[in-house]
Amino acid sequence: MKVYGNTEVVSALHQMAASGNIPHAMLLHEDDGGGAFALIMNFLEEVYGGNPRVQKLIHPDIHFVFPVAGSDKPVSLQFVGKFRELLLENPYFFENELYAAIGIEGKQGNISVNEARSILDRLSLSAVEGGYRTVVLYLPEKMNAQAANALLKMVEEPPRNTIFLLITHAPEKLLVTIASRCLHLRVQPLSPEAEREVHARESAGNSVLRDLFHDLLEAIVARNMLGALETGEAVADLKVREQQKSFCRLASEDLRRIFLLQKMPSLARIPEGEEDFYARMARSLKPTFPRKGMSALDRSLLLIERNVNQKILFTDLVNQLYLL
C-alpha cells in the first residue's frame, strides 16, 4: 500500500520490524482519512516476512476490529468481508465511508464487550503459522468502558508474540490505562498533493456537507441571520447522525484553513479551485472567529453523541457562530 510522507514513522516501524524489537502495543493517531492503515499494512508485511497474504488482508494471524452496530450484538467478523473490500480499494478511507460500506449508516458505531470477548477468544488460540498474532483495532475510542476494561489485562500483559495496533482519531477519548500502555505515533496529515490524489473521489455526501458549511459562512459574512438559520435547519434535518458529526468535523477543517490563511498562509492547505472562497473568508471573518468557531463545533460534536435534540443543537450552533 502506498504511503505518503511520514518518513520518520516509516523509518521507526522499519527499524522495529528489522530488529524484531516490536512494542506489544502501538497507538497511531491519524486525522480521519489520514492513511494509518497503509503504514500498518506495510509494517506487517515486513513483520510477517513478506507474506503476500498480508497485503491481501487474508493472513490468518492478523485480526481486524472496527466499530459495528446492530441489535444482535454483532462483532467485526460479521462484516470483515466488506471491510476488506473498502481497505483494499482505498486505505485512506473516511470513518463515514466504513459505516456506509458495512451497511450501518445512520447508526452509532461502537466496540462492545461482546467484541472484546471475541478478541480474547481469538487470542487464546495459537498462531496458525507459528509467528506473531496481531490485532489491528480501528477507533478504540469507540469502546465502551466495559469493553476497554475487558481488554486492559491483555493489552498490559499480552501473550508472547502478540501485537496490538490501534488507530485513533481522538486519543484523548481512549481509556487512559490502555493509552498509557501503548507507544504513541503521530501520523502526519497528508500534503495537499497527496490529499488531492487519495481523496479525489471525495464522497458526494462529504461534498454536500462542505457546501452547507460554506453556505453558512456566506450567510454569516452577509449578516443574513435567516439564511444562516435555514442552513442550520438543513443540517438538523440530516437523517443520519454520522452525517451531522461529519459536518462538524469538515467545518472544523475549514476553519483551520481560514485560521492558517489569516496567521500563517504558507501552511494553509487549500483545495484546488477554492482559493478565492477561502481567501475571502479569511479577509471577512474576525481573527478570533476560527478558534472560537472550532470550540463551538467541538461542543456540538459532544452534544450529538449525547443525543441532544438536533433542532435545538444546530440552532444554538448557528446563533453562536453568528455572534462571534
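**Close-up views of a predicted model**

**View 1. Arg291 on helix H14.** Arg291 is a residue of helix H14, the helix that spans residues 289-305, in a structure that is a predicted model rather than an experimental one. With a relative accessible area of 52%, Arg291 counts as exposed, because the class begins over 50%.

**View 2. Lys153 on helix H7, with Glu172.** Helix H7, made up of residues 145-156, carries Lys153, and this lysine is exposed, its relative accessibility being 53%. Between the C-alpha atoms of Lys153 and Glu172 the separation is 20 Å, the two residues lying 19 residues apart along the chain.

View 3. The secondary structure of the protein chain consists of 15 helices and five strands. Its radius of gyration, 21 Å, is close to the 20 Å given by the globule rule for 324 residues, so the chain is as compact as a globular protein of that length. Taken along the principal axes, the box filled by the C-alpha atoms of the protein chain comes to roughly 65 × 45 × 30 Å. Of the 324 residues in the protein chain, 50% count as buried, whereas Arg291 and Lys153 are exposed.

Technical notes
Residues are numbered from 1 along each chain as its sequence is written. This is a predicted model: local features need pLDDT of at least 70, side-chain atom pairs count only at pLDDT 80 or more; totals for chains, interfaces and linings use all residues. Side-chain values use heavy atoms; hydrogens and water are left out. Helices (H or I, at least four residues) and strands (E, at least two) are DSSP runs, numbered from the N terminus. Buried means under 20% relative accessible area, exposed over 50%, partly exposed in between (1.4 Å probe, protein chains only). The radius of gyration is taken over C-alpha atoms; the globule rule is 2.2 Å times the number of residues to the power 0.38.
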